[in-house]
Amino acid sequence: MQKCLIKLSGIYVHIDERDILKNVDFELQPNEIVTLIGPNGAGKSTLIKVLLGIVKPTKGKVWHAQHLKFSYVPQKFNPSHSLPLRVKDLLALERCDETTKKQILSETGIEKLLNAKIQYLSGGEKQRVLLARALLRKPNVLVLDEPMQGLDIQSEAELYEYVRSLPERYGCAVIMVSHDLQWVMQGTHRVVCLNKHICCSGLPESVQQHPEYQAIFGQRVFYQHHHDHCAHGDSPTPCDIIHPEPEA
């Protein structure tokens, strides 16, 4: 039986007398692409922070597989103009063998940007650099928080297509927060619809039919992209979880 990477059980987060998350259960399987959707204020960013260990839940349990390595691509990255940070300086912070590094630089199309300053990159170029840096860490789980915001249509389409290929290329699972319902229905293995609690979760085509999804997003029907290589069903199968080792 394949072990899952992450399991959240009965997660509650209460901040400043407000319930941010209520009774959230979540599992992530290896090589799975999961897209997290929901209205503004639904708790998506908080759930990501719980997954990353940045926010400790008020109640509930967080389980990770042993030696789990995360990479995170933020929604925005705007270093100060007083900091002369070049692309190659940012990438040098991650250790990676040269063969893999050259492959990632080529795939993300940033070889010609290595001497450019981060502050002067376009939105699409910056996101490619951040994605390359995240992949250099050789993560088990890649977390993308609205990575396509502000990109032109062509850059967005190219990045989505690349993200779709990452589990097969690098053996990592992907968790993405997105408001792009077209991507959600075409490019992901499983959709989790959050509104403080999990309203519905499963294959894109089944989630589209769920009353709570339709109450939030309407009854738009999207073309379905079928993943022949993917065997994920509506609900994740039970899996063996290993408690994370204590942090130093």
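When I say two residues are in contact, or that they pack against each other, I mean heavy atoms within 4.5 Å. Keep that in mind, and keep in mind that this is a predicted model.

Okay, the overview. We've got 248 residues, and 47% of them are buried. The protein has eight helices and nine strands. If you take the contacts with a separation of 6 or more, 72% come from residues 24 or more positions apart.

Now, the helix I want to talk about is α4, residues 123–136. From first C-alpha to last, its 14 residues reach 20 Å, close to the 20 Å expected at 1.5 Å a residue.

Then, just after α4, lysine 138 takes a positive phi of about 50°.

That brings us to β6, residues 141–145. Five of its five residues are buried, so this strand too is largely enclosed by the rest of the structure. Both faces are covered: Val141, Val143 and Asp145 are buried on one side, Leu142 and Leu144 on the other.

And who are the neighbours of β6? With β5, residues 70–73, β6 pairs in the parallel sense over four bridges, and there tyrosine 72 stands opposite valine 143. With β7, residues 173–177, β6 also runs parallel, joined by five bridges. Over there, valine 141 has alanine 173 as its bridge partner.

The largest nonpolar core has 44 residues, and Leu131, Leu142, Val163 and Leu166 have the most contacts inside it. It's α4 that gives the most to this core, seven residues. There's also a second, separate core of 25 residues, with Ile20, Val34, Leu68 and Val192 among them.

Last stop, leucine 131. Which residues does it touch, leaving aside neighbours within four places in sequence? Val73, Leu142, Leu144, Leu159, Tyr162, Val163 and Leu166. If you have the model open, have a look around leucine 131.

Definitions and conventions:
Residues numbered from 1 in each chain as written. Predicted model: local features only at pLDDT ≥ 70, side-chain atom pairs only at ≥ 80, totals over all residues. Heavy atoms only, no water. Buried < 20%, exposed > 50% of the residue type's maximum accessible area, 1.4 Å probe, protein only. Helix = DSSP H or I, 4+ residues; strand = E, 2+ residues; numbered from the N terminus. Pairing = 2+ DSSP bridges. Expected span 1.5 Å × (residues − 1). Core = buried A, V, L, I, M, F, W, Y, C linked by side-chain atoms within 4.5 Å.
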